[in-house]
Amino acid sequence: MNLTKTLMASTALTVAAGMSFAESHMANEMTIVSWGGAYSASQQNAYHTPYSEMTGVKIINDESSAEAVSKLRAMNEAGNVTWDVVDVVASDALRLCDEGLAMEIDPDEMLADAPDGTKASEDFGDLLVGDCFIPQIVYSTTVGYRTDLVGDTPPTDICAIFDTDAYPGKRSLEKRPIGNMEWALLCDGVAKDEIYDVLETAEGQQKALDKLATIKDDVIWWSAGADTPQLLADGEIIMGSTYNGRLFSLIVEQEQPVAMLWDAQVFDLDGWIIPTGLSDERKARAMDYIMFATDTQRLADQAKYISYGPARKSSAPLVGKHAELGIDMAPHMPTDPENAKNTFLYNYEFWADYRDDIDAKFQAWLVQ
Amino acid sequence: MSDAPKVQTASSSAAEARIADAAHTGPMLAADGTPLKKSLNRALRLQKMRALALIAPLLIFVLVTFIAPIADMLFRSVENQIVSDTLPRTTTMLAEWDETGTDIPGEPVFEALYKDLFYAQEAKLHTRLGSRLNYELTGVSSLFRKSGRKVEDMGEVYQDQLEDLDAFWKTGENWNSFMATDKWLASMEGWKKADGKQPAFVLRDGIAKALPETAAAYKQFAKYVQNVDEDNLYKEDPWAVIYSSLYIDLTGENGLASYNGPAAAELAAAAAAAPAFETVNYSEAFKKIDKDWYDVNVWQTIKVYSPKYTNGYFLNAIDMQKSVDGVEMRPENQQIYGILFWRTMVMSVAITLSCIMLGYPVAWILANLPARQANLLLILVLLPFWTSLLVRTSAWKVMLQQQGVINDTLVWLGLVATDDRLALINNQTGTIIAMTHILLPFMILPLYSVMQTIQPTYLRAAKSLGATNWTAFWRVYFPQSIPGIGAGSILVFILAIGYYITPEIVGGTSGTFISNRIAYHISSSLNWGLGAALGAILLAAVLLLYYAYDKIVGIDNVKLG
């Protein structure tokens, strides 16, 4: 009897001590790096504000994701990493992981299970690319076109980009090979599942560039996500590629005469990494935040504010209506079955290897 | 009150000394008797020191925050230690391999590679090396990533066999019992993480002689566990690479015959059993991971890039590349930097010239107006400075695009057909227009301040002597304004050559500069070596032009006011 009591008391004490240990050993301020704009706002609403209210942690926003890779390397070399959680695209996460700048993660240990008990590794599934990346959203690079400038037969497939006879006028494409090379080969008659085999060879790369050369004079090359929406709104171009969320706000929020061509959209992932070299307190805080911000409900919440698909399978049924516009968000998700009839998933492994090589050829081709 | 007479005495004695000096023919002496020259020098030195102390904060600031980082960054253009640091054994072994042939290296090199990769993947350095070499040969990145994951299993053949032979080999505690000194073992007994730093591992005397390979491997393992992982080495089970090293020692040259320390019996038993062990063929094992390890190109790349310093980045920066046969041009479809350097120079000159054309009349008007009106106009010149660069550049986008203000106006005036609008943006024209606007104040300001100093009477004098307006300007006024043109040109040209935001936004593909590629390599591809090499070349080009300018025009002829 006495023994049991002592045992219980000591257990309770240990647990309490453990909890206070955890609490007092977490930093109470953290810097989260993201992309800014509507995207950061959606994270603020869905993750930061509830987390701050729950824990009292002060969250500092930094909008440096576009330069995250180089800045993290510089911070790491200087031995002073000031960021706690960083939002990057999956390919950058892979690069950071390779460089030893991002912490390796164990999804089942560090991420919350789905409400029905499914392990995180299964809930995220294939989207867990690399060893360091914690997926958050699925977005896609897809094509938008001016409904009033394309004539009576609006385009239905991706090859409209290369069809300057049926759709004369300028089009915009991203100033990098990724995505464009795939589309070029696809429209040059290469079967979809052979594209990367073809693109591995020098002849295949030339073939893609030759296809792109047929429209080179009609292309405006963009490097910022806001370029295509602006060009579309001003009528500078008749169609152009950009991120689906940008097109969503152009069509739904700004009510421009633009429609979306979901065909051959290229899926990409955006998510978190935790930098290496954090102190124990800051690491504990970062992991605590990640556990919260990537659970099923939180990911579904983000879709209220922006039209990017949650990375968890279990979040999909919870996606509701837009917080301000009150429209149903599901049909605007790149992952919606109606939109995802023909898609590409960014081939991370391929581009990690070929990016430097193909980019050199692509840029030389652009300049010459 | 009582001090007053003393002072008088002092000054009167000084006066006497001066009188004495005057009578003297020797060196002039100061009041305290030291030669005047020396005393003056001392005073001047003190003054110089004081001046130096005053500028010291700025000097140190500039050195620490500007010169040192730039030097460090430029140094990266030749640095290449990563290859030999990560693969020390392999690169040493490769020295004897003939890279010009078509044969891949032999088994010893693969064995060295196994060890190097094993340690590298434990420290997570293999992927970093993979990205480095991927700049030179496509595919190395995933080759290293893939191999790093699987290399751990390679030595397990020996581990399993040793453990099957005797359970003694299973635990780290047993290994430590004969690898470490008794003193270290005693100090580690009962050590907990809370106790602070664990005592550094010390190798037992004689074990290095008995088992050279194993001892070396174990030392590296111990160092890593204690310093990087910060795990308790006392309880840590050894890596597979230690078992394969032990196998090498047991079957190769060792000093076991004279070894009589702890675990001598277990070692003797293992040595007896080892010759019958199943062995690993490392080349086969690597080939199984990826057939690219049998690709001679991979090995050539590793060998060509194994020196600690390389000119490879600089060669890349001038569209060349290193190969086993020496230096060669890159394939034509990858040549880009030569074109971009040339374009950057030509367009910077064009921008400078258009700044002179536009800025000169403005500066002339400013200099010849009454001060009140001139100041008002000067504010207009400076106004763009107070607007964000991005806003200004984006505004040009609105102005210049085909559905933009300028084209709309031209169409409305009927000067241009609506389906034949001018292409003013996303090409060189766009870059030149936008950058001329952005850099114009840097031309106007030095011109203005130089022109202000030109006396209007000179012009009047020229005219009264019969010069025409043009002659008076060209022969009298213009030569005096050249220092302003020089200063403005240097400022504009040097700023233009390094610009990248504006060309990126309005330059399209034909109007981008070399800086855009530098920015890409720094922030996106992370190929800092190449970025640094391009930057170094750009810096050298600017210094060269500056030198040429000094020789031709003379840097004394540059005035900012």
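Reader: How are residues and chains labelled, and what does the predicted model need before a feature counts?
Author: Residues are numbered from 1 along each chain as its sequence is written, while chains are lettered from A and ligands numbered from 1 in the order in which they are written. The model is predicted: local features need pLDDT of at least 70 and side-chain atom pairs count only at pLDDT 80 or more, whereas totals for chains, interfaces and linings use all residues.

Reader: Why is chain B called more spread out than a compact globule?
Author: The radius of gyration is taken over C-alpha atoms, and the globule rule is 2.2 Å times the number of residues to the power 0.38. For 561 residues the rule gives 24 Å; chain B has 38 Å, well over that value, so chain B is more spread out than a compact globule. Its C-alpha atoms fill a box of roughly 115 × 100 × 45 Å along the principal axes. Chain B has 27 helices and two strands, where helices (H or I, at least four residues) and strands (E, at least two) are DSSP runs numbered from the N terminus.

Reader: What makes chain A agree with the rule for a compact globule?
Author: With 368 residues a compact globule would have a radius of gyration near 21 Å, and chain A has 23 Å, which agrees. Chain A has 14 helices and ten strands.

Reader: How do you know where the domains of chain A lie, and what joins them?
Author: Bounds come from an automatic or database domain assignment, which divides chain A into domain 1 (25-138 + 270-324) and domain 2 (140-267 + 332-367). Their C-alpha centres lie 28 Å apart. Twelve residues of domain 1 are in contact with twelve residues of domain 2, contact being C-beta atoms, placed from the backbone, within 7 Å. On the domain 1 side, the largest share, three residues, comes from helix H4 (residues 90-98) of chain A.

Reader: What makes up the side of chain B that touches chain A?
Author: The contact takes 30 residues from chain B and 28 residues from chain A. H6(B) gives the most to the chain B side, with five residues. That side divides into seven nonpolar, 19 polar and four charged residues. Here Ala, Val, Leu, Ile, Met, Phe, Trp, Tyr, Cys and Pro count as nonpolar, Asp, Glu, Lys and Arg as charged, and the others, Gly among them, as polar.

Reader: How do you know that helix H24 of chain B falls short of a straight helix?
Author: The expected span is 1.5 Å times one less than the number of residues. H24(B) (residues 469-497) has 29 residues, and a straight helix would reach 42 Å, but its end C-alpha atoms are only 37 Å apart. A kink of about 50 degrees lies at B:Phe478, shortly before the proline B:Pro479. The bend at a residue is the angle between axes fitted to the seven residues ending there and the seven starting there.

Reader: At what angle do H5(B) and H15(B) pack?
Author: H5(B) (residues 107-122) and H15(B) (residues 282-289) pack at about 60 degrees, with axes 8 Å apart. The axes are lines fitted to C-alpha atoms over the stretch in contact, and angles run from 0 to 180 degrees between N-to-C directions. Residues of this contact include B:Phe110 and B:Tyr114 of H5(B) and B:Phe286 of H15(B).

Conventions:
Contact = placed C-beta atoms within 7 Å.
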